[in-house]
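Please examine the sequence and the three-dimensional structure shown below before reading on. The explanation is meant to be read with both in view.

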2 protein chains.
Amino acid sequence: MGTSSRFEQYLERVRPKIDAALDRLLPPASREPRTLHRAMRYSVFAGGKRLRPALCLLACESVSGRSAPALTAAAALEMIHTFSLVHDDLPGMDDDDLRRGRPTNHKVFGEGMAILAGDALLSLAFETLSRANLRRAADPCALLETVCTATGPEGMIGGQAMDLLFEGRKVPLRSVYAMHRRKTGALIHGSLRLGAQIGAASAAQLRAFRDYGERVGLAFQIGDDLLNVRSSRRALGKATGSDRARGKATVPGRVGADRAEREAARILREAAAIAPRLGGRAEEFESLTEFLLHRTH
Amino acid sequence: MGTSSRFEQYLERVRPKIDAALDRLLPPASREPRTLHRAMRYSVFAGGKRLRPALCLLACESVSGRSAPALTAAAALEMIHTFSLVHDDLPGMDDDDLRRGRPTNHKVFGEGMAILAGDALLSLAFETLSRANLRRAADPCALLETVCTATGPEGMIGGQAMDLLFEGRKVPLRSVYAMHRRKTGALIHGSLRLGAQIGAASAAQLRAFRDYGERVGLAFQIGDDLLNVRSSRRALGKATGSDRARGKATVPGRVGADRAEREAARILREAAAIAPRLGGRAEEFESLTEFLLHRTH
């Protein structure tokens with residue numbers, strides 16, 4: 001097609017703002033302990049898509065007409081996402097050497113420093129949220145609860161534990177879905193919910209964001225796992241075929257790539273049908289489902 | 001002597017309350033993913049002294065006459081402390097097999113699960129604080145900021161990074177102190193400050209808790225390092241002499257055990273002199289300095 005979708009245009013437009021906020025919020029690399037701060041910055045500025053912060057900004061804008069009040073909170077979400085990638089890549093977890101085409105954090109800074117850089121990013125995310133001066137916009141405790149629930153044992157970290165425990169086991173498809181819902185869906189839904197809460201969304205809108213976010217999160221993870229099967233290492237910037245080698249529980253692994261693709265498309269159609277209930281930016285939310293259907297990296 | 005100090009009596013009195021709060025706040029071991037929840041509980045209920053939560057309760061009681069409003073927040077501090085121990089013991093960090101006389105978390109649950117159990121404890125601590133219903137007692141954002149600052153790159157995690165970076169290097173004594181101030185002092189001071197804030201302490205009281213907490217934290221770390229030199233593995237429940245073998249930067253390592261002991265005693269006398277400014281429980285705070293002077297484990 002050549003032209004980018006509305007959602008991609010939105011991503012392009014907000015990415016510089018998100019990057020500037022992250023640069024402002026992360027400790028400078030010149031401050032001690034410098035190696036820790038360099039390790040944190042190395043993985044945060046490694047070319048991520050900024051999907052989660054963009055979803056937070058878009059949700060806020062969609063319900064309130066403005067995204068600016070959500071910018072600091074959005075940056076905190078990217079810190080949490082990066083923390084999870086750094087720890088996921090560790091030798092004790094997925095043992096990956098390459099991420100986004102560059103050596104993983106522990107390959108550059110050593111295992112101990114990578115563990116601490118992840119820990120520091122998680123802690124700094126909560127510090128950022130508690131300092132975000134969101135008192136006027138919304139109940140700060142409710143916002144923190146959204147992020148903590150999405151991150152903790154009920155959310156992303158619990159999902160990563162399931163992922164680890166499922167390795168090499170033939171678990172039922174519904175368990176694979178339950179794992180994806182936590183591992184990927186929880187933070188994607190949490191990002192939308194956080195932005196919507198900052199924008200003072202109604203209870204009905206928050207429910208719509210939940211229904212939409214759960215589906216988008218699930219389809220995103222299935223898409224990721226399909227890329228792991230089909231893409232080349234060059235296009236993806238990380239090892240491919242590794243899920244199968246490691247006996248990871250994935251939807252393509254359980255039902256085959258073709259059926260997994262049809263399943264993702266079905267889930268994304270459901271999400272697209274919910275988009276009109278998500279406020280003024282419904283078109284961008286619909287466009288995201290198209291983007292995920294055709295993504296190649 | 002046979003009789004325990006006032007501070008030890010206080011520890012004995014509050015420990016069951018802290019343990020009951022932790023048991024209530026941690027996910028049950030019967031809930032999925034069970035291995036994650038078992039790993040979290042394994043290290044939380046491994047016989048810790050509960051020093052940090054006790055300091056939080058004592059500070060709250062000292063300024064307000066009541067400790068109950070600080071109980072949930074106090075439990076969150078123990079989750080953060082436990083998270084730091086689990087990650088500290090990992091092969092990529094200090095690589096310890098034994099902690100409090102039992103195999104370390106990764107020895108029982110594997111490295112990946114230990115990383116995740118630590119991550120989950122940190123996240124759950126912030127979730128607990130955001131749900132602690134402290135809205136009436138104090139500004140919840142100010143409380144979270146206290147804990148995050150004590151934990152993150154400026155606090156404990158930054159100190160652990162310095163600890164790692166100093167290994168095998170001959171750093172100046174003032175750098176060892178700067179590292180201890182973050183690695184141990186920050187969370188001990190943060191625990192006192194959190195309790196004092198929940199008890200609505202005055203600005204002058206908060207300054208006194210800072211002056212006292214920094215000294216107690218420093219003396220505690222010097223004491224820990226002295227035990228590593230002098231104690232037996234049996235008495236301590238973990239490996240001794242390991243700091244020296246690993247080239248750790250410690251005060252005893254830099255100036256010798258005898259001078260380090262005199263230094264700790266001097267710092268604790270300074271702390272004892274501040275105790276009368278800490279409110280109604282000044283005697284317990286003075287007693288803590290005696291306790292730290294003579295501790296054997």
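The paragraphs below proceed from the whole chain to the pairing of the chains, and then to individual helices and residues.

This is a predicted model, in which local features need pLDDT of at least 70 and side-chain atom pairs count only at pLDDT 80 or more, while totals for chains, interfaces and linings use all residues. Residues are numbered from 1 along each chain as its sequence is written, and chains are lettered from A and ligands numbered from 1 in the order in which they are written.

Chain A contains 15 helices and two strands. Here helices (H or I, at least four residues) and strands (E, at least two) are DSSP runs, numbered from the N terminus. The C-alpha trace of chain A spans about 50 × 50 × 40 Å along its principal axes. The radius of gyration is taken over C-alpha atoms, and the globule rule is 2.2 Å times the number of residues to the power 0.38. For 297 residues, a compact globule would have a radius near 19 Å, and the 18 Å of chain A agrees with this.

A residue is called buried if 20 or more other C-beta atoms lie within 10 Å of its own, exposed if 12 or fewer, and partly exposed in between, with C-beta atoms placed from the backbone. Buried residues form 56% of the 297 residues in chain A. Two residues are in contact if their C-beta atoms, placed from the backbone, lie within 7 Å. Among the contacts in chain A with a separation of 6 or more, 72% join residues 24 or more positions apart.

How are the two chains related? A rotation of 180 degrees, with 0.0 Å of shift along its axis, superposes chain A on chain B with an RMSD of 0.0 Å. This is the relation of a two-fold axis. Copies are superposed by least squares on the C-alpha atoms of residues with pLDDT of at least 70 in both.

At the interface, 40 residues of chain A are in contact with 40 residues of chain B. Helices H2 (34-44), H6 (111-130), H7 (140-151) and H8 (156-166) of chain A each supply at least two residues of the side that touches chain B. The largest share of that side, 13 residues, comes from H6(A). By class, the side of chain A that touches chain B has 22 nonpolar, 12 polar and six charged residues; Ala, Val, Leu, Ile, Met, Phe, Trp, Tyr, Cys and Pro count as nonpolar, Asp, Glu, Lys and Arg as charged, and the others, Gly among them, as polar. Because 100% of the interface residues of chain A are also interface residues in chain B, the copies meet through the same surface.

In soluble globular proteins, nonpolar side chains tend to be buried together. A nonpolar core is a set of buried Ala, Val, Leu, Ile, Met, Phe, Trp, Tyr and Cys residues joined through C-beta atoms within 7 Å. The largest core has 182 residues, of which A:Ala73, A:Ala117, B:Ala73 and B:Ala117 touch the most other members. Not counting residues up to four places away in sequence, the residues that B:Ala117 touches include B:Leu36, B:Met40, B:Val86 and B:Phe109.

H7(A) is mostly covered, with nine of its 12 residues buried. Among the buried residues of H7(A) are A:Leu143, A:Val147 and A:Cys148. The buried residues of H7(A) pack against H4 (71-88), H6, H8 and H9 (173-198) of chain A, together with H6 (111-130) and H7 (140-151) of chain B.

Some single residues also deserve attention. A:Arg215 lies in helix H10 (residues 203-230) of chain A, and A:Arg215 is buried, with 25 other C-beta atoms within 10 Å. Not counting residues up to four places away in sequence, A:Arg215 touches A:Ile267, A:Glu270 and A:Ala271.

A cis peptide bond, with omega of about -10 degrees, joins A:Glu32 and A:Pro33, and A:Pro33 is found in the loop between H1 (6-25) and H2 of chain A. B:Asp95 is not a glycine, although its phi is positive at about 55 degrees. B:Asp95 is found in the loop between H4 and strand E1 (98-99) of chain B, and B:Asp95 is partly exposed, with 15 other C-beta atoms within 10 Å.
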